[in-house]
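Work through the exercises below with the model open beside you. Try each task before reading its solution.

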Amino acid sequence: MRNIALRLSYDGSAYHGWQVQKTESSVAETLERALGSVCGGRVHVTGCGRTDAGVHAERYCANFRTESTIPTSRLPLAVNSRLPGDIAVQAAVEADDGFSAIGSCVKKEYVYRILNSRIRDPFLRSRVCFYPSPLDFGRLERAGRAFEGRHDFAAVRSVGTETKTTVRTVYWCRARERAGLIEIAVCADGFLYNMVRAIVGTMVYAAHGKFEPEDIPRLLELGDRRLTGPTMPPQGLYMSRVWYNGPVGEMMRR
């Protein structure tokens with residue numbers, strides 16, 4: 001039985017997230033159908049993380065097991081011919097038997113995009129968060145840096161997924177701005193449910209002066225979700241990078 005890892009990207013606008021749903025269309029279900037058609041049997045894919053309805057992925061990793069002998073070099077084109085235009089397999093590689101897209105992941109990065117302009121862009125309506133109120137970029141940037149390090153992030157997560165611990169390490173939380181488009185990149189060893197969207201919402205609150213950026217470590221210590229910022233809309237969020245060791249890591253860096 002072969003264990004194959006895939007690098008893919010998708011526009012999540014039409015899907016109810018990554019995970020297979022009972023009644024709603026999902027990215028995983030759509031990919032499984034295409035892989036099953038190519039490999040000649042039912043296929044189960046394991047993804048590198050949960051993405052919610054409307055969330056996108058520029059780089060995403062999934063793995064599956066199959067008896068098919070199709071070469072990995074041919075797999076992307078074969079699968080893409082059976083996928084809708086909003087999902088694309090970019091590369092495939094044979095992984096070790098013990099590899100799991102979720103369990104073997106070293107760290108991940110998400111990017112949140114905000115169009116901070118008084119005029120919306122109809123071409124970006126499902127790909128950015130349109131936010132017309134002016135944001136103090138200096139305060140926003142300081143707020144992002146306050147999240148860096150190892151903390152208990154219970155104050156910036158939504159209830160809905162059980163986890164053994166809410167402690168995570170954020171390696172960077174950096175904002176940059178160009179022509180009204182703000183990008184916030186957050187890299188961590190793991191993420192809680194809606195953690196990035198809540199971090200960004202808290203940064204936006206700090207940018208509006210609802211509290212000081214330097215107050216954020218204390219808010220994390222208190223662990224009260226009601227004291228931090230809102231959960232931002234999903235369409236601005238992208239999984240941007242995923243890190244692994246070995247051949248899969250090399251594939252994800254290409």
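**Exercise 1. Check the length of helix 4 against its residue count.**

Solution. Start with the expected span, defined as 1.5 Å times one less than the number of residues. Helix 4 has 13 residues, so it should span 18 Å. Its end C-alpha atoms are 18 Å apart, which agrees. Helices here are DSSP runs of H or I with at least four residues, strands are runs of E with at least two, and both are numbered from the N terminus. This is a predicted model: local features need pLDDT of at least 70, side-chain atom pairs count only at pLDDT 80 or more, and totals for chains, interfaces and linings use all residues. Residues are numbered from 1 along each chain as its sequence is written, and side-chain values use heavy atoms, with hydrogens and water left out.

**Exercise 2. Decide how far helix 4 is enclosed, and find what covers it.**

Solution. Twelve of the 13 residues of helix 4 are buried, so helix 4 is largely enclosed by the rest of the structure. Among them are Met195, Arg197, Ile199 and Thr202. Next, look for the cover. It includes strand 5 (107–115), helix 3, strand 8 (167–178), strand 9 (181–188), helix 5 and strand 10 (237–243).

**Exercise 3. Describe how helix 3 packs on helix 4.**

Solution. Helix 3 (residues 137–146) and helix 4 (residues 195–207) pack at about 140 degrees, with axes 8 Å apart. Now classify. Under 35 degrees is roughly parallel, over 145 roughly antiparallel, 65 to 115 roughly perpendicular, and the rest oblique. Helix 3 and helix 4 are therefore oblique to each other. Then list the contact, meaning heavy atoms within 4.5 Å. Helix 3 supplies Arg139, Leu140, Ala143 and Gly144, while helix 4 supplies Met203, Val204, Ala206 and Ala207. By class, the contact has six nonpolar, one polar and one charged residues. In this scheme Ala, Val, Leu, Ile, Met, Phe, Trp, Tyr, Cys and Pro are nonpolar, Asp, Glu, Lys and Arg are charged, and the others, Gly among them, are polar.

**Exercise 4. Run the length and burial checks on helix 1.**

Solution. Length comes first. The 13 residues of helix 1 (residues 27–39) should span 18 Å, and the end C-alpha atoms are 18 Å apart, which agrees. Then burial. Ten of the 13 residues of helix 1 are buried, so helix 1 is largely enclosed by the rest of the structure. The buried set includes Val27, Leu31, Glu32 and Cys39. These buried residues pack against strand 1 (2–10), strand 2 (45–47), strand 3 (56–66), helix 2 (75–80) and strand 4 (87–94).

Notes:
Axes fitted to C-alpha atoms, helices over the stretch in contact; angles between N-to-C directions. Buried < 20%, exposed > 50% of the residue type's maximum accessible area, 1.4 Å probe, protein only.
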